[in-house]
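Please open the model in your viewer and keep the selection tool at hand, as this tour moves from one stop to the next and says what can be found at each.

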Amino acid sequence: MAVGVSVFFSYRREMLARHSNTLPVLVNFFSDHRSDRLAEARDFVYKDLSKYDLSQGLAALPEDKQKLVRELAWFYDNLGALVTHNVVDVEPVSGYLGVSVVLSWEKLEPLVQAERAMRTPSGVDPKRWQAYFENLYHLVRETPPPKARAAQPRWRLR
C-alpha cells in the first residue's frame, strides 16, 4: 500500500512539475498568436494567398507578404516541434488554436510543397521544411478542438 501511495504521489508531483514548466510556454504562444502581426498574417493567408501562383513558393509573393507567411508558418512549426517532442500537450493547443492550425496548413500546403520541391537540389532534406507544422496539422485533425475541449473535466459547453 505504501509503495502504491508513493508511486501515485510521485506521478502527481511529476505532472504538476510538467504543467508548471509548460504553462509559460503556452501563455507566450497564445499571446503571440493574438498579436497584430500574426493576425495580419492569418488574414492574408485566409483571404488573399490563393490569388498568387503558389507553385512558385514564397517567391510568388511580394516581399512584405513573404515575411508574413514565413512568420506564421514558423510560428506553427515551432509550436509543432514542442507538441511533437511532448514539451506541450496537443489538447490545449488544439482546443485553443486548432481551427487556425488546420485552416492555415490547408491554405499554405501548396506553397510548402512548392518550397520543398525547390529546395530538393540543395542537398538538404526538403521534407524537413515545415515538417513540424505539417505534423501539428495531423495531430490536431486526430484531436480536433471540440474533442480536445470536451475531454477536459472542467469543460461544460457542448
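This is a predicted model: local features need pLDDT of at least 70, side-chain atom pairs count only at pLDDT 80 or more; totals for chains, interfaces and linings use all residues.

Next, step back and show the whole chain as a cartoon. The chain has six helices and zero strands, and of its 158 residues, 35% count as buried. Among the contacts with a separation of 6 or more, 76% are made by residues 24 or more positions apart. With a surface displayed, the accessible area of the chain comes to about 9900 Å², and 56% of that belongs to carbon and sulfur atoms.

Then turn to the interior. In soluble globular proteins, nonpolar side chains tend to be buried together. Here the largest nonpolar core has 34 residues, and L49, V69 and L111 are those with the most contacts inside it. The elements that give two or more residues to this core are α1 (2–33), α2 (36–47), α3 (63–84), α4 (90–119) and α5 (131–142), and α4 gives the most, with nine residues. Select L111 and show what surrounds this residue: leaving out residues up to four places away in sequence, L111 touches L49, L54, G57, L58, L61, V69 and W129.

While α4 is in view, follow this helix from end to end and stop at L97, where a kink of about 80 degrees is centred. Although α4 has 30 residues, its end C-alpha atoms are only 29 Å apart, short of the 44 Å that a straight helix would reach at 1.5 Å a residue.

For the last stop, select Q66, which is found in helix α3. Is Q66 buried or exposed? Its relative accessible area is 18%, and because buried means under 20%, Q66 counts as buried. Show the residues around Q66 and, leaving aside neighbours within four places in sequence, you will find this residue in contact with L58, A59 and L61.

Notes:
Residues are numbered from 1 along each chain as its sequence is written. Side-chain values use heavy atoms; hydrogens and water are left out. A nonpolar core is a set of buried Ala, Val, Leu, Ile, Met, Phe, Trp, Tyr and Cys residues joined through side-chain atoms within 4.5 Å. Buried means under 20% relative accessible area, exposed over 50%, partly exposed in between (1.4 Å probe, protein chains only). Helices (H or I, at least four residues) and strands (E, at least two) are DSSP runs, numbered from the N terminus. Contact means heavy atoms within 4.5 Å. The expected span of a helix is 1.5 Å times one less than its number of residues. The bend at a residue is the angle between axes fitted to the seven residues ending there and the seven starting there. Accessible areas come from the Shrake-Rupley method with a 1.4 Å probe; for residues, only the protein chains shown count as cover.
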